[in-house]
Amino acid sequence: MFSYKPLWSLPVPVKSICEMGLGSKICYTQRFIDICEDKVNRGGITLMKDISSVKINQEAISKELIVNKIQDIVWDDVFEQYFLHPELLDYVQCFTGNNIMAMHSMLINKPPDTGSMTSRHPMHQDLHYFAFRPADRIVGTWTAMQTVTKANGCLFVLPGSHIHPGKLLPHEYPEWEGGVNKGFHGITGYDSEEKKYLNMNPGDTVLFHPLLIHGSGPNTSQETRKAISCHFASCECQYIDVTGTTQQNIAIEVKEIARRRGFNDMDFKDFWKFRSRLVRGLKMHL
């Protein structure tokens, strides 16, 4: 899987995680379940839950069907195999340069949709969440842990959208009848654009630009859909002040989350400093 697409017009596919030896998907799956069920100390890992699933009797269903994402997993003894793997970082380095920070680490667990369509993810640009620049020195990796299809809510992208419109668009919570999961901000005005659906085999990995417009559909299957993902950035990137920009809404939301956890003085930049890890080279600005 070395068929690169020019200018990131589509996400760039790389060799299967299985070919690269990035650890066992079974191992990652079990670690995720153990964290959900509080069988291991999760440290600073953040659990996020699907809003429609939590309304169901939580005693009657597995926690694996409630937690839709765990974040800040880069320091975990099991998951770090992915973020530190030399061959994955060789691909990342093509975009970031030699000095690399793992900024946003997560395992995404899309549960079967309850009928409310909350398992879908609105179209968005990842740069909306980041308080650092330049965008061209940031790259996302997304690795399928199982077969991913349109039926279980695969990724879809708008090819070339990192070039046209090629800018960060305003993001808000969509006004969906069934509700929207926490942090799932989205853009408007692009629903009629042609989408490219990314069907993937276990271990397939794509890399994409933080301005690429993408999202995912509902999981209409009976199984959860898992992927492990990270956003890497050059250590030469620098933090920016998002006050007065389209990103101020997410900055306020993040600060409120931090306050509820006892971090009263944490701002948007501190939030990113707290959750990142040097994975190759020398630490600089980030």
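Two strands count as paired if DSSP finds at least two bridges between them. Strands (E, at least two residues) and helices (H or I, at least four) are DSSP runs, numbered from the N terminus. Everything below comes from a predicted model, where local features need pLDDT of at least 70, side-chain atom pairs count only at pLDDT 80 or more, and totals for chains, interfaces and linings use all residues. Residues are numbered from 1 along each chain as its sequence is written, and side-chain values use heavy atoms, with hydrogens and water left out.

View 1. Strand 8 (residues 155-157) and strand 11 (residues 214-216) share three bridges in the antiparallel sense. Zoom in on L155 and you'll find S216 as its bridge partner in strand 11.

**View 2. Lysines over rings.** Here a charge sits over a ring if NZ of Lys or CZ of Arg is within 6 Å of the ring centre and within 35 degrees of the ring normal. K150 lies over the face of Y197, 4.2 Å from the ring centre. K195 puts its charged end over the ring of F156, at 5.6 Å from the centre.

View 3. Rings of Phe, Tyr and Trp (its six-membered ring) pair if their centres lie within 6.5 Å; planes under 30 degrees apart are stacked, over 60 edge-to-face, and the rest tilted. That rule gives nine aromatic pairs. One of them is F130 with W272, edge-to-face at 5.3 Å centre to centre with 85° between the planes. F130 lies in the loop between strand 5 and strand 6 (132-133) and W272 in helix 6 (residues 268-275), so this pair ties together parts 142 residues apart in sequence. F271 and W272 also go edge-to-face, at 5.3 Å centre to centre and 80° between the planes. Ring pairs join F130, F132, Y239, F268, F271 and W272 into a cluster. W272 is buried (under 20% relative accessible area, with exposed over 50% and partly exposed in between; 1.4 Å probe, protein chains only), at 1%. F271 is buried too, at 17%.

**View 4. Around L286.** L286 lies in the segment after strand 14 (277-280) and is buried, with a relative accessible area of 4%. Leaving aside neighbours within four places in sequence, its contacts (heavy atoms within 4.5 Å) include M101, M103, F132, C235 and Y239. K273 is 13 residues from L286 in sequence and 6.8 Å away in space, C-alpha to C-alpha.
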